Amino acid sequence: MTLKRILLAAAGLGALMASAPAHADEIVLRALMEDVPETQIIESLLPDFEKETGIKVEFEKIGYPDMHDKLVSQLVSPQSYYNLLEVDFLWAGEFPAAGWLTDLKPFVEKSNYDLSPFIPSTLDLLGRTPDSLQILPMYNYSMGLLYRKDLLEDPKLKEAFKAATGKELAAPTTLADYVEISKFMKANAGVAGAAMQGQRGDPNSMEFSNYLFAAGGNYLGDGKKVVLDSPEAKVALDLYVDNIKNGAQQGALSATLDDTLRLMCSGKAFSMVTYWWMLPQVDKAEKCPDVAGKVAISVMPGGHGESGGWGWGIPKNVSPEEQEAAWKFIQWVQSKDVSVARALQGHAPVRSDVFADAKVLEKYPYYKTAQDIVASGKSFPIFAYSAQYEDVLGTSLSQAGGGEVTSDAALKAAHRGLEELLAK
């Protein structure tokens with residue numbers, strides 16, 4: 001072969017390679033994942049997907065605090081290294097607004113993917129609109145109430161509560177009832193009435209949101225008008241501060257989720273407002289022998305708690321072949337069969353048919369209540385500056401809890417701060 005023919009052949013091969021689409025077995029899906037049990041559960045099932053499709057999947061696991069910046073640096077680049085995204089709901093306003101995500105709706109329509117089993121609140125949490133679907137739910141971390149049923153059933157405590165209040169001691173159905181029982185337990189049962197995560201920022205913002213929704217308040221009304229400074233919110237914040245001061249453990253204003261979990265696990269608290277899948281954590285006899293078998297779970301008294309969750313997204317700045325492969329993975333991992341397999345390992349579902357699955361309920365009977373918690377959950381404001389608003393709100397809550405400002409002043413500041421960030 002002459003040099004000219006070799007060069008022509010090479011040029012032809014190069015053109016062919018440039019125009020040929022990548023095959024599935026040539027694509028590697030790469031995702032930056034939070035290093036939590038949900039990730040480990042999916043990771044254990046990845047060989048099944050790779051065997052079924054020929055598409056390899058690599059998870060890079062890191063802690064939550066480092067995830068956002070590492071993702072953003074890729075999403076603003078000409079081509080993202082990560083071609084499959086795990087997206088927290090707090091970023092569900094920022095990422096679409098920046099134009100970083102591929103709209104999944106055309107993928108759903110092209111593949112006839114059935115969204116009806118997904119609990120509507122999990123789709124709404126991640127910004128689903130009639131015109132677009134930027135993020136598909138992955139798992140949820142909605143919040144409810146964990147409480148000690150053995151203390152509610154204690155004859156001496158029941159008698160003392162009746163004498164003090166004229167009411168029967170039972171699981172609370174309103175926010176006011178809950179705080180009243182919390183304070184009673186602290187005064188009479190030798191435990192903190194509530195293990196509270198009052199640290200400024202994400203901990204107290206998430207915790208207070210449960211009080212706000214339970215009291216009938218909200219952050220945003222119709223047309224995304226800020227409605228935080230309301231009579232319902234005043235009731236919620238007064239009760240929140242009352243519980244911090246008179247029901248919670250000492251040092252609650254600086255406590256985090258880990259602190260509350262340790263307190264509940266040790267048997268030194270009556271209750272905690274937390275993620276529903278914390279129940280199995282405190283129900284393990286080998287880990288929490290003082291309370292295992294004594295803890296129950298309910299929807300937040302008042303009927304609504306804080307929603308939370310993660311979803312899957314696909315970056316815009318990757319090739320069409322990578323996007324197709326990523327969508328194939330998302331369909332697989334959120335299918336009923338794979339979701340049930342995940343649930344049997346402790347996955348927090350987003351599909352109603354997984355919560356209702358007989359095998360899942362046989363292993364985890366409390367998943368029926370968990371589904372109610374997820375379905376009734378309401379969302380923290382989702383917009384480009386959700387994470388920043390946690391700091392604004394958390395500061396006001398911390399000041400109110402510490403007695404530095406009145407609840408009226410704290411609400412007005414939090415209301416004004418939300419308006420200012422929404423206007424940016």
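Here is a walk from the sheet, through a helix and the core, to the disulfide. Bear in mind that this is a predicted model.

**Stop 1: the sheet.** Start by colouring the strands in the order β2-β1-β3-β8-β4, which gives you an open sheet of 5 strands with mixed pairing. Turn the view to look across the strands: from one strand to the next, the twist averages 25°.

Helix α2 packs on it, with contacts to β1 (28-34), β2, β3, β4 and β8. Compare its direction with that of β2, and you'll find an angle of about 165°.

Stop 2: Select 84-88 and 309-313, which are β3 and β8. These two run antiparallel and are joined by 4 bridges. For a landmark, show E86, which stands opposite W312 in β8.

**Stop 3: helix α14.** Next, select residues 320-333, the 14 residues of helix α14. From first C-alpha to last the helix reaches 20 Å, close to the 20 Å expected at 1.5 Å a residue. Which residues of α14 are buried? Show side chains for E322, Q323, A325, A326, W327, F329, I330, W332 and V333. Keep F329 on screen, as it comes back at the next stop.

**Stop 4: the core.** Nonpolar side chains tend to be buried together in soluble globular proteins. Here the largest nonpolar core has 137 residues, and the members touching the most others are M185, Y211, Y219, W276, F329 and Y389.

Zoom in on Y389. Leaving aside neighbours within four places in sequence, Y389 is in contact with Y219, L228, F380, F383, G394, A414, H415, G417, L418 and L421. Y219 from that list is also one of the core members that touch the most others.

**Stop 5: the disulfide.** How many disulfides are there to find? The count comes to 1. Select C265 and C288, whose sulfurs lie 2.1 Å apart. The link is left-handed, with -110° about the S-S bond. C265 belongs to helix α12 (residues 257-265) and C288 to the loop between α13 (279-282) and β7 (295-298), so the pair ties together parts 23 residues apart in sequence.

Note on methods. Residues are numbered from 1 along each chain as its sequence is written. This is a predicted model: local features need pLDDT of at least 70, side-chain atom pairs count only at pLDDT 80 or more; totals for chains, interfaces and linings use all residues. Side-chain values use heavy atoms; hydrogens and water are left out. Two strands pair if DSSP finds at least two bridges between them. Axes are lines fitted to C-alpha atoms, for helices over the stretch in contact, and angles run from 0 to 180 degrees between N-to-C directions. Contact means heavy atoms within 4.5 Å. The expected span of a helix is 1.5 Å times one less than its number of residues. Buried means under 20% relative accessible area, exposed over 50%, partly exposed in between (1.4 Å probe, protein chains only). A nonpolar core is a set of buried Ala, Val, Leu, Ile, Met, Phe, Trp, Tyr and Cys residues joined through side-chain atoms within 4.5 Å. A disulfide is a pair of cysteine sulfur atoms within 2.5 Å.
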